[in-house]
Amino acid sequence: MILSESEARNFQISILSLSKANSLSVEIKGGQFVNIRLGRNALNTNGIENSLKITLNSTFANRTASYTIDQLEMSAIERGLRRCEKLAQISPPDPEFLPPLGPQHYASSFSYSESMGNLSIENIVEMAVRILDVLTQNQSQHIELSSFIKFQKYFICIANSNGLFGYQKFANIQLTATARTNDGLGSGWAGAFVFNIEEIDPEKLIETAIQKAILSKEKLSMAPGHYPVLLEPTAAVDLIGLMLFSMDGRAADEGRSVFSKPGGGNRIGEPLFPSNITIYSDPSNRQAPGQVFSNDGLPCRKIPWIQNGILSNLIYSRYWAKKNHKEPIPEPSNILMLGSDTTLDKMIQDIDKAILVTRLWYIREVDPQSLIFTGLTRDGTFLIEKGKISKAVNNFRFNQSPLTMLQSVQQIGRAVNCIGSEIDDLPALIPPLLVKDFYFTSTSEAI
C-alpha cells in the first residue's frame, strides 16, 4: 500500500495527536513487493506482498521504547501507542539520549520514476519469460540457470512531535542470475540493481552469466599468494561498502578503528590513498539514488568520504557529534566512486597478466583494528594474459583490507550500477578496479 505525501502527512498528524509521551516519533513504510524465482531453468516461486508498517517510538525524559504494528485502524494504533508508552516508562534511562529533531530540509531524489513505478506484475512476468527465451536459445550449451527478480515500489514517511516531516518514494528492480553447466564444473553470475527500467537488459545479463559458466568449466590450478587482480564492480562494491560502514567517528576517536590516529584522535585530513580515489555518497544521484533522510531524521546529503585520496569524513551520530562539537553525519544511503571512461573490456585488453574476479561472497571481518576481511571468490575467476581472458582458474579464499586494496589501485574503469553479495540493498555506482596486490590465502574447491 502506497500513500501519497499528503495522505501520509495527514495520517501522521492523526497518530501524533494521540501521544501522551514527552515526544513521539513515527515511521510509516508501505508498498508493493514482487518477486519471481527461477531454478533449474523453470519458474519455481513467485510472491506478491502489499504491506504497510507503522513504527512508534515514545519517549519520557531519556527513557524510550519502540512498538511496530501493521494495522491501520486508529483504535489499533492507539492501543499500540499506549503499550509503547508503558514500555518506555519502564525502560532503563539512556545516558546518550537526545530529543528528536525539529523540522529539517531534505534533498530531492530520483528514487522514483513513473516509468518504473507504473510497471505491472505482467511486466515482471514478461522479464522472466525473456530470461527463459535466452535459455532456449542456449539449449545446446547444457546450462542450468537460477535467477531472482525483485521489483519493489514503496514509500517511507517519518514525522515527530517536534515538527519533523519527511517523505520519499522508491521504485527499483534487482535481477541476479547464476548459470551452471550441467556437469557441475562451470559457474557464472551477473546482476543488476536499477531505478530506471531502460538501464536493465535481461538478455545481456543472462548471456553474461552463461558465457562465464561455459568459460569456467576447465580450470587451471593456481597456488594461493599475492596477485594483481581485476575486480569487477560487483566484487569491488562489497569491500568498499564494508569499509564505509566501518568509518565510525566514535570508534576512530576512541582508538578502536583503523581510522584512529596513533596517540589520539582520527585520521581525517590524511592522504590515506592515491589521489585518483574518490568515494562519496549523494542521495540525489540519478543512476543510484539514495534515501534522503536517516532513521533518526538527519538529512542525507552529498558527503565525500574519500576526496582525491584524502580521508574527508567519518560517520558521526548525533550524540557523539554534539559531545565533540562536530556536525552529525549519518551512514551513507548510497555508495558512489568516481571512475574513468575506460570499459571493463578495454581494461582487460591493456593487462599483461592478472586474475579477473567476478564476485566475492561469505565475507567476514577478521580484525577491526586493521580492517581485514576474509571471503571467497566464486562464479567466474579467470586468468588474464596478454590482453585476453586465457582460461579459468580455481577459486580462492582471500584475506584483504579494503584500505590496502585501494592503496594499490593501478587503474580505475567506468563506474556502473552494481549489486554485491554483502552490499545488496544499497544503491551503488562503482567502477572495476585493477589492484596491484591482492592476497589469496588458500584455494577453494567451490565453482
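Mentor: Start with a charge over a ring, meaning NZ of Lys or CZ of Arg within 6 Å of the ring centre and within 35 degrees of the ring normal. Here, the charged end of Lys29 sits over the ring of Tyr154, 5.0 Å from its centre. Arg378 has its charged end over the ring of Trp361, 4.5 Å from the centre. This is a predicted model, where local features need pLDDT of at least 70 and side-chain atom pairs count only at pLDDT 80 or more, while totals for chains, interfaces and linings use all residues. Residues are numbered from 1 along each chain as its sequence is written, and side-chain values use heavy atoms, leaving out hydrogens and water.

Trainee: How many aromatic pairs does the structure hold?

Mentor: Rings of Phe, Tyr and Trp (its six-membered ring) pair if their centres lie within 6.5 Å; planes under 30 degrees apart count as stacked, over 60 as edge-to-face and the rest as tilted. The structure holds twelve such pairs. One of them is stacked: Phe155 and Tyr167, 5.8 Å centre to centre with 25° between the planes.

Trainee: Is Phe155 buried or exposed?

Mentor: Buried means under 20% relative accessible area, exposed over 50%, partly exposed in between (1.4 Å probe, protein chains only). Phe155 is buried at 0%, and Tyr167 counts as buried at 16%.

Trainee: How many disulfides are there?

Mentor: A disulfide is a pair of cysteine sulfur atoms within 2.5 Å. A search of the whole structure finds zero. For Cys84, the closest cysteine sulfur, in Cys157, is 17 Å away, too far for a bond.
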